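Reader: Before I set up any calculation on this protein, I would like to go through its model with you, question by question. Could you show it first?

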Amino acid sequence: MNKISDGTLVSTRIRLARNIEGMPFPGHLKDEKQAKEIIRLVSSGLNRLDDFKLYYMDSISEWDAESLVGNHLISPNLIAKKRMSAALINEDSSLSVMINEEDHLREQCIVKGLQLRRAYDKISEIDSKIGKKIKFSYDEQLGYLTACPTNLGTGLRASVMLYLPAMTINGLMREVIRLLSKQGLTVRGVYGEGSEAEGYMYQISNEVTLGVTEEDIIDQVDKTARKITELECTERRNLINGVNSLAVKDKCKRAYGVVTNCARLTSGELVSLAADIKLGACLGYINIDDVYYIDDIVTKMQPYNINKAAGKNLSAEERDIYRADYAGSHIKALCDRENSN
């Protein structure tokens, strides 16, 4: 049987909020020339570093903008202020810097798995490079000054995306969310605050940034993610041995059957069914070892990416047909590969 913890620790994100000393915060920034100057200053600080590409929000297509939002590289708020904003994104999309969003800079690093310290080191390098060109707004008592008081201090948000099907099915998430809130942590859906936990995906991050160090934040989120992973493993074993084990097995296998045989598939259906296929793989009901690749398939087949995968603009019905064919064939190939070994 596959390792029962497979797929739990999906990804890590570290984000820093920064503002430029002497410049009005973006919420009060009305002069387009001043906004463009901020973009110039920030981008000059990353010149020739990591092959960053500069995207002006008022110059990119709606299709590209949706793709960047969907892949968590920029926020909808950045697009809403497109005449004043831009983003710097490196070649592999692991590093991005939003310019003139809520703060002058929102610097972030996203990596797969649980790698909080590695992600922090990478974004710290970017922060230092920019800081050599720009003086950040900083107060000896309050730390980095930010548009929202909840980001004062370190300006650091450390997040881990977790796949928690067993804890969700067994009804534990409400209590877990309550307990984490008492510890200064928050739990959101895959698309951040206010979003639902689609596909059993939850984002856990710190709420407190003032009066703590960067190391304190990283250590707390890291330990919490590891503890929740242990709880999820326990609950997966309970699913295997529980009175509803046959129902769980049936649900997982039916999900695999639908995805590998259907003719049309919406993005929402794929998210839900793929989550159950992953659970089946983790519980040993479906012979797929690389469950993380299923996440890549789901991402690639979302509306904001599917046209790029297809190489052309597709209608809504064409997307559903293409998604069914692509997801079904690739997930079946994963299973066939394992069965042949």
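Author: A disulfide is here a pair of cysteine sulfur atoms within 2.5 Å, and that cut-off will be needed for the cysteines of this predicted model.

Reader: Which cysteine sulfur is closest to that of C335, and how far away is it?

Author: A disulfide needs two cysteine sulfur atoms within 2.5 Å. The closest cysteine sulfur to that of C335 is too far for a bond, because it belongs to C252 and the distance is 13 Å.

Reader: How many disulfides does the structure hold, and what is the distance for C233?

Author: The structure holds zero disulfides. C233 counts as buried at 9% relative accessibility, and C335 likewise counts as buried at 8%. For C233 the closest cysteine sulfur is in C282, too far for a bond, at a distance of 8.8 Å.

Reader: Turning to the fold, what is the strand order in the open sheet of eight strands?

Author: The eight strands form an open sheet with antiparallel pairing, and their order is β2-β3-β4-β5-β1-β8-β10-β9.

Reader: Which strands stand at the edges of that sheet, and why is one side of each left without a neighbour?

Author: An edge strand here has a single partner strand, so one side of it is left without a neighbour in the sheet. Neighbouring strands of this sheet are turned by 20° against each other on average, direction ignored. The two strands at the edges are β2 and β9.

Reader: Within the sheet, how many bridges join β3 to β4, and which residue of β4 stands opposite I89?

Author: Strands β3 and β4 run antiparallel, and the bridges that join them number four. The residue in β4 that stands opposite I89 is S96.

Reader: Which helices lie across strands of the sheet, and at what angles do they run to β9 and to β8?

Author: Helix α6, residues 173-182, lies across β9 and β10 and runs at about 145° to β9. Helix α7, residues 214-241, lies across β1, β8, β9 and β10, and the angle at which it runs to β8 is about 10°.

Reader: Which elements do the buried residues of α2 pack against?

Author: Helix α2 covers residues 62-70, and within it A65, S67, L68 and G70 are buried. The helix is followed by H72, whose phi is positive, near 65°. The elements against which the buried residues of α2 pack are β2, α3, β3 and α11.

Reader: Is Y163 buried or exposed, and which backbone oxygen does its side chain reach?

Author: Y163 has its place in strand β8 and is buried, with a relative accessible area of 0%. Beyond four places away in sequence, the residues it touches include G7, Y200, E232, R236 and A275. At 2.5 Å, its side chain reaches the backbone oxygen of A275.

Reader: What is the phi of Y200, and what is that of N100?

Author: Y200, in the loop between β9 and β10, counts as buried at 13% relative accessibility, and its phi is positive, about 60°, although it is not a glycine. N100 lies in the loop between β4 and β5 and counts as buried at 1% relative accessibility. Its phi is likewise positive in a residue other than glycine, near 65°.

Reader: How many residues does the largest nonpolar core hold, and how many are in the second, separate core?

Author: The largest nonpolar core holds 49 residues, and V42, V97, L116, I126, I130, V160 and I228 touch the most other members. One of these, I130, touches V42, G45, L46, L105, E107 and F136, leaving aside residues up to four places away in sequence. The second core, which is separate and includes C252, A275, Y285 and V291, has 38 residues.

Reader: Where is L142 found, and which residues does it touch beyond four places away in sequence?

Author: L142 is found in the loop between β6 and β7, and at 37% relative accessibility it counts as partly exposed. M23 is 119 residues apart from L142 in sequence, and the C-alpha to C-alpha distance is 18 Å. Leaving aside residues up to four places away in sequence, L142 touches L152, G153 and L210.

Definitions and conventions
Residues are numbered from 1 along each chain as its sequence is written. This is a predicted model: local features need pLDDT of at least 70, side-chain atom pairs count only at pLDDT 80 or more; totals for chains, interfaces and linings use all residues. Side-chain values use heavy atoms; hydrogens and water are left out. Buried means under 20% relative accessible area, exposed over 50%, partly exposed in between (1.4 Å probe, protein chains only). Contact means heavy atoms within 4.5 Å. A polar contact is a pair of N or O atoms within 3.5 Å; within protein, one must be able to donate a hydrogen and the other to accept it, and residues adjacent in sequence count only if both atoms are side-chain atoms. Two strands pair if DSSP finds at least two bridges between them. Axes are lines fitted to C-alpha atoms, for helices over the stretch in contact, and angles run from 0 to 180 degrees between N-to-C directions. A nonpolar core is a set of buried Ala, Val, Leu, Ile, Met, Phe, Trp, Tyr and Cys residues joined through side-chain atoms within 4.5 Å.
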